[in-house]
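Okay, thanks for coming, everyone.

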Amino acid sequence: MKDILSVLTGVNIGFLLQGLWLTLYISLIAIVLSTIFGTILAVMRNGKNPILRLIASIYIEFVRNVPNLLWIFIIFLVFQLKSTTAGITAFTVFTTAALAEIIRGGLNGVDEGQTEAGLSQGFTSLQILLLIVLPQAVRKMLPAIISQFVTVIKDTSFLYSVIALQEMFGKSQILMASYFQPAQILTLYVLVAAVYFIINFAISSFSRRLAKRWEGQNG
């Protein structure tokens with residue numbers, strides 16, 4: 001029992017919370033930027049311009065099929081960025097490709113008649129996209145975007161082993177050096193796992209409830 005209590009101190013909890021803040025900070029910025037860039041790529045890939053379609057397709061397919069771990073290495077070592085900036089950039093690069101396909105699916109799920117109706121009213125293509133298509137597509141793609149947020153939060157745990165960024169998992173590894181008893185190590189890992197679970201389960205549950213609510217409204 002003393003071994004367990006030695007881990008569950010205010011100092012250790014505060015230390016882990018510092019890492020949790022960095023985890024959420026990186027994840028939130030990456031998901032916001034990825035949603036913006038992913039929307040642009042999705043529109044490009046759905047557009048009529050063959051050059052823009054090709055550029056978007058190459059980016060999406062190439063980035064999605066290269067491990068995120070490798071992108072972290074490349075961006076940190078090649079571009080010589082600070083750890084936090086490199087982490088945000090790497091996750092933005094990778095998640096943009098994933099979200100582009102999610103957003104493209106949402107855009108394609110909107111009935112073409114909506115576009116035709118907008119054209120008949122004299123709207124421009126941009127007005128139709130922003131005022132008609134995107135608002136309807138949001139209901140189809142937002143739950144999937146929220147779920148992608150969970151993936152980003154979990155994958156930030158790569159950052160400590162790759163670029164020594166002290167997010168929550170990194171903080172736990174630093175604390176681990178102070179403990180040698182199996183009960184202490186297990187307690188620390190269980191604590192970190194519980195924090196990840198609570199946050200990600202809450203986000204996933206919200207996504208499921210949102211999808212069910214919108215499904216019921218559509219029904």
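Quick housekeeping before that. This is a predicted model, with local features needing pLDDT of at least 70 and side-chain atom pairs counting only at pLDDT 80 or more, while totals for chains, interfaces and linings use all residues. Residues are numbered from 1 along each chain as its sequence is written, and side-chain values use heavy atoms, with hydrogens and water left out.

When I say helix, I mean a DSSP run of H or I with at least four residues, numbered from the N terminus. Two packed helices are described by the angle between their axes and the distance between the axes. The axes here are lines fitted to C-alpha atoms over the stretch in contact, and angles run from 0 to 180 degrees between N-to-C directions.

Start with α5, residues 83-108, and α7, residues 125-155: their axes come within 8 Å and cross at roughly 140°. That makes the pair oblique, the class left over once you take out angles under 35 degrees (roughly parallel), over 145 (roughly antiparallel) and 65 to 115 (roughly perpendicular).

Who's touching whom? Contact means heavy atoms within 4.5 Å. On the α5 side the contact residues include F91, L99 and I103, and on the α7 side they include L129, M141 and V152. By type, the α5–α7 contact has 14 nonpolar, 3 polar and 2 charged residues.

Among the residues in contact are Y59, I60 and R64 of α3, and F94, A97 and E101 of α5. The α3–α5 contact divides into 8 nonpolar, 1 polar and 2 charged.

Keep R64 and E101 in mind, since salt bridges are next. Our rule is a side-chain nitrogen of Lys or Arg within 4 Å of a carboxyl oxygen of Asp or Glu, and the count comes to 5. Which residues link up in a network? R45, E61, R64, E101 and R104.

Taking a few pairs, E61 bridges to R45 with the closest N and O atoms 3.2 Å apart. E61 lies in α3 (residues 50-64) and R45 in α2 (residues 10-46), so the pair ties together parts 16 residues apart in sequence. R45 is buried at 16% relative accessibility, while E61 is partly exposed at 32%; buried is under 20%, exposed over 50%, partly exposed in between, with a 1.4 Å probe and protein chains only. E61 also meets R64, at 4.0 Å from N to O. Over in α5, R104 and E101 pair at 3.1 Å, and they sit 3 residues apart, about one helical turn.

Last bit: backbone. Most residues other than glycine have a negative phi. Q80, though not a glycine, has a positive phi of about 55°. Q80 is in the loop between α4 (68-78) and α5, and counts as exposed at 62%. A164 is also a non-glycine with a positive phi, about 60°, in the loop between α8 (158-163) and α9 (168-176).

That's my bit, thanks.

How values were computed: Helix = DSSP H or I, 4+ residues; strand = E, 2+ residues; numbered from the N terminus. Nonpolar A, V, L, I, M, F, W, Y, C, P; charged D, E, K, R; others polar.
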